Amino acid sequence: AWQQQQHAQQQQQQQAAYGFGAPAAPPPAGPPPQYYEVAASNHALLPPPLAPPPAYNANPGMAPPPYIASQQQQQQHPPPSYSAPPPQQQQPPASVVPALPPPVALPPCDPESHTTVDKTATYVARNGARFENMIREREGSNPKFSFLHELGEGGPYFKWKVYCQQTGFTLEDQESMLREAFPLPNAAEQENFSNMLNTLSGSKDHIRALRSWIGVQEESTGCIHWIFEQLRHRIVSIPDFTSRLHIIYVVNDVLHACLKKRGETVAGQTLTLDPLSEKMSRHMVRLLQPTFQSEPSAEQRAKLHKVVGLWRDRGIFCAQETNAMEAAMMNGVPFIQPVQVDLTGLTSYQKAVAALPQPEPVVEVPPPAPPPYGTQD
């Protein structure tokens, strides 16, 4: 009996030690404890935290490896969070410079539009494509910012201007590229050209005088692209159809003068297409389309059809090309791209690229070799 009593007492002591004894008293009534109160109460049941390991460089005679030293520096001076940088440290997005340079095109003839494109290109090159998208969304219906759209007036020149700003070309470099790609007359001849346009009428003398001036300037300076962009600007700036038609008559006179120089035609086919007519063909739709689309009268439109028909019948251009011109003139394509010149073929572009500061070569320093295995200080 004494042994049974002793065995029962040992079982009660073991049950109490593992929590199997008498149930504990219920907790006092009240609201449930908050999260931080539960964590504080449970903290007493956790084992004490382990002491931090000693620094690797506890031995002053032993230097830590580079990767350990960098980890210690990061622990002492943690880097700032990328997700929430201070406002004053935020940098504008970097502009992406295209790998291939865009072709160069003439700027808008209107001085105000030219200034708007140049200023916008400077801001876009400085602030990145996100800034360009913001302006495009805000000024989408503003005709002054049509160059921001793919087929907008002045778009090719704007893209080229942004590229020049991003690349670091100086204004002198940009001016040299424009002059090499698109030569222009001197200041005196430009003023003479403007006066002839202002006084142009349907008389044969006026038309022949302007045709002669165009031929002389093309032979001396090769500025036919600049001349035709000025003619287009004149066409879209004047509301009178008759004045626009007079410009088309001047172009027609120039083409017939070229036809006499290139030789005889056979069955409506030209033997050779002279260089001036080939250059002019790239501007025809840009002149014909706004002249045709701005005139609702079928009788007046028939005059343009007659001119294009002469070019086809007399072999100034082939039938396929004149048919394409006439179709584009009648369909009213929103925008016909202007003449563009590849930058890589320009000597001025190659010189500008060679003058850019070259980046310093990156020299990779190999990490120090680890100490031999088993060596001790």
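This is a predicted model: local features need pLDDT of at least 70, side-chain atom pairs count only at pLDDT 80 or more; totals for chains, interfaces and linings use all residues.

**Entry 1: a loop glutamate.** I started from a polar pair: a polar atom in the side chain of Glu295 lies 3.1 Å from the backbone nitrogen of Ser297. Glu295 sits in the loop that runs between α13 and α14. Next I asked myself: which side chain of opposite charge is nearest to Glu295? That is Arg301, at 6.8 Å. Glu295 is buried and yet has no salt bridge, because such a bridge needs a side-chain nitrogen within 4 Å of a carboxyl oxygen. I also listed the contacts of Glu295 beyond four places in sequence, and they are Phe241, Gln300 and Arg301.

**Entry 2: helix α13.** Is α13 mostly covered or mostly open? It is mostly covered, with 9 of its 10 residues buried. Among the buried ones I noted Met284, Arg286, Gln289 and Pro290. The buried residues of α13 pack against α10, α11, α12, α14 and α15.

**Entry 3: Thr291.** Setting aside neighbours within four places in sequence, I found Thr291 in contact with Ile235, Phe241, Arg244, Ile248 and Leu304. Phe241 had already turned up in my list for Glu295.

**Entry 4: the cores.** How many residues does the largest nonpolar core have? I wrote down 41, and the residues with the most contacts inside that core include Leu210, Leu231, Met284 and Trp311. Elements giving two or more residues to this core include α8, α10, α13 and α15. The largest share comes from α11, with 10 residues. A second, separate core has 26 residues, including Ala121, Phe147, Cys164 and Leu178.

Entry 5: The mean pLDDT of the chain is 78, and 69% of its residues reach 70 or more. Where is confidence lowest, and where is it highest? Helix α2 (residues 35-43) is lowest, at a mean of 36, and helix α7 (residues 171-181) is highest, at 97. Over residues 14-96 pLDDT stays under 50, and the model has 29 contacts beyond four places in sequence for that stretch.

Methods: Residues are numbered from 1 along each chain as its sequence is written. Side-chain values use heavy atoms; hydrogens and water are left out. pLDDT is the predictor's confidence in each residue, from 0 to 100. Helices (H or I, at least four residues) and strands (E, at least two) are DSSP runs, numbered from the N terminus. Contact means heavy atoms within 4.5 Å. A nonpolar core is a set of buried Ala, Val, Leu, Ile, Met, Phe, Trp, Tyr and Cys residues joined through side-chain atoms within 4.5 Å. Buried means under 20% relative accessible area, exposed over 50%, partly exposed in between (1.4 Å probe, protein chains only). Lys and Arg count as positive and Asp and Glu as negative; His and the chain ends are not counted. A polar contact is a pair of N or O atoms within 3.5 Å; within protein, one must be able to donate a hydrogen and the other to accept it, and residues adjacent in sequence count only if both atoms are side-chain atoms.
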